[in-house]
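Colleague: I am new to this one and would like to go through it with you. Could we look at the model together?

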Amino acid sequence: MNVARALFRNADGQTMLGAMTDVKDVLLVIDMQNDFMSCGTLAVPRADEIVPVINRLAQRFSNVVLTQDWHPRSHLSFVTNHPGRHRFETVAFPYGEHVLRPSHCVQDSLDAA
């Protein structure tokens, strides 16, 4: 039997941490958060249009797993933590080049919801 531990929404719509025993039937929804919607700080063009599609698809699955981009306010990739730098400027970090982004999906914020 395949078992996965995850935060998931059960058939009653409750979000729970637990084991999913039927992992062959899973809809993965990756980072559908306010900051990536049309009015967000890192807006994805037309992202709002797929929300109803996801909601319809979710009805067909026993398990729906939602991921969440979740950064501390002090995250190194945020341009606000690099005075004098600009949005989408590239900087060198010890692990390589990185693009500075606006603060987004900050922990415990509505934008991360």
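Colleague: Is histidine 71 buried or exposed?

Modeller: Please keep in mind that this is a predicted model. Histidine 71 has a relative accessible area of 13%. The cut-off for buried is under 20%, so histidine 71 counts as buried.

Colleague: Where is the place of histidine 71?

Modeller: Histidine 71 is found in the loop between S4 and S5. Its C-alpha lies 5.5 Å from that of glutamine 107, although histidine 71 and glutamine 107 are 36 residues apart in sequence.

Colleague: And histidine 86, buried or exposed?

Modeller: Histidine 86 counts as exposed, at 56% relative accessibility. The loop between S4 and S5 is also the place of histidine 86.

Colleague: Let me step back. How many helices and strands does the chain have?

Modeller: The chain has one helix and six strands. Read from the N terminus, the order of the elements is β-β-β-α-β-β-β. Of the 113 residues in the chain, 30% are buried.

Colleague: How do S3 and S4 run, parallel or antiparallel?

Modeller: S3 and S4 run parallel, and four bridges join them. Within this pairing, leucine 27 stands opposite valine 64 in S4. Between the two strands the chain passes through H1, and this β-α-β crossover is right-handed.

Colleague: Which residues of S3 are on the covered face?

Modeller: Leu27 and Val29 form the covered face of strand S3, which spans residues 26–29. Val26 and Leu28 form the uncovered face.

Colleague: What about the loop between S3 and H1, which residue lies there?

Modeller: Aspartate 48 lies in that loop. Its relative accessibility is 35%, so aspartate 48 counts as partly exposed. The C-alpha atoms of aspartate 48 and serine 38 are separated by 6.5 Å, and the two residues are 10 residues apart along the chain.

Colleague: How many of the lining residues are nonpolar, and how many are charged?

Modeller: Eight are nonpolar and one is charged, while three are polar.

Colleague: Now the end of the chain. How many bridges join S5 to S6?

Modeller: Four bridges join S5 to S6, and these strands run antiparallel. Valine 91 has histidine 98 in S6 as its bridge partner.

Colleague: How many aromatic pairs does a search of the whole structure find?

Modeller: The search finds one aromatic pair. The partners are phenylalanine 93 and tyrosine 95, whose ring centres are 5.6 Å apart.

Colleague: Why is the pair described as tilted?

Modeller: The planes of the two rings stand at 45°. Planes under 30 degrees apart would count as stacked and those over 60 as edge-to-face, so this pair is tilted.

Colleague: One last topic, the backbone. What is the phi of phenylalanine 88?

Modeller: Phi of phenylalanine 88 is near 70°, which is a positive value in a residue other than glycine. Phenylalanine 88 belongs to the loop between S4 and strand S5 (90–93). At 43% relative accessibility, phenylalanine 88 counts as partly exposed.

Colleague: And aspartate 108, where does that residue lie?

Modeller: Aspartate 108 lies in the segment after strand S6 (96–99). Aspartate 108 also has a positive phi, of about 65°, although it is not a glycine. With a relative accessible area of 72%, aspartate 108 is exposed.

Terms used
Residues numbered from 1 in each chain as written. Predicted model: local features only at pLDDT ≥ 70, side-chain atom pairs only at ≥ 80, totals over all residues. Heavy atoms only, no water. Nonpolar A, V, L, I, M, F, W, Y, C, P; charged D, E, K, R; others polar. Phe/Tyr/Trp six-rings, centres within 6.5 Å; stacked < 30°, edge-to-face > 60°. Buried < 20%, exposed > 50% of the residue type's maximum accessible area, 1.4 Å probe, protein only. Pairing = 2+ DSSP bridges. Right-handed = clockwise from strand over helix to strand, strands pointing away.
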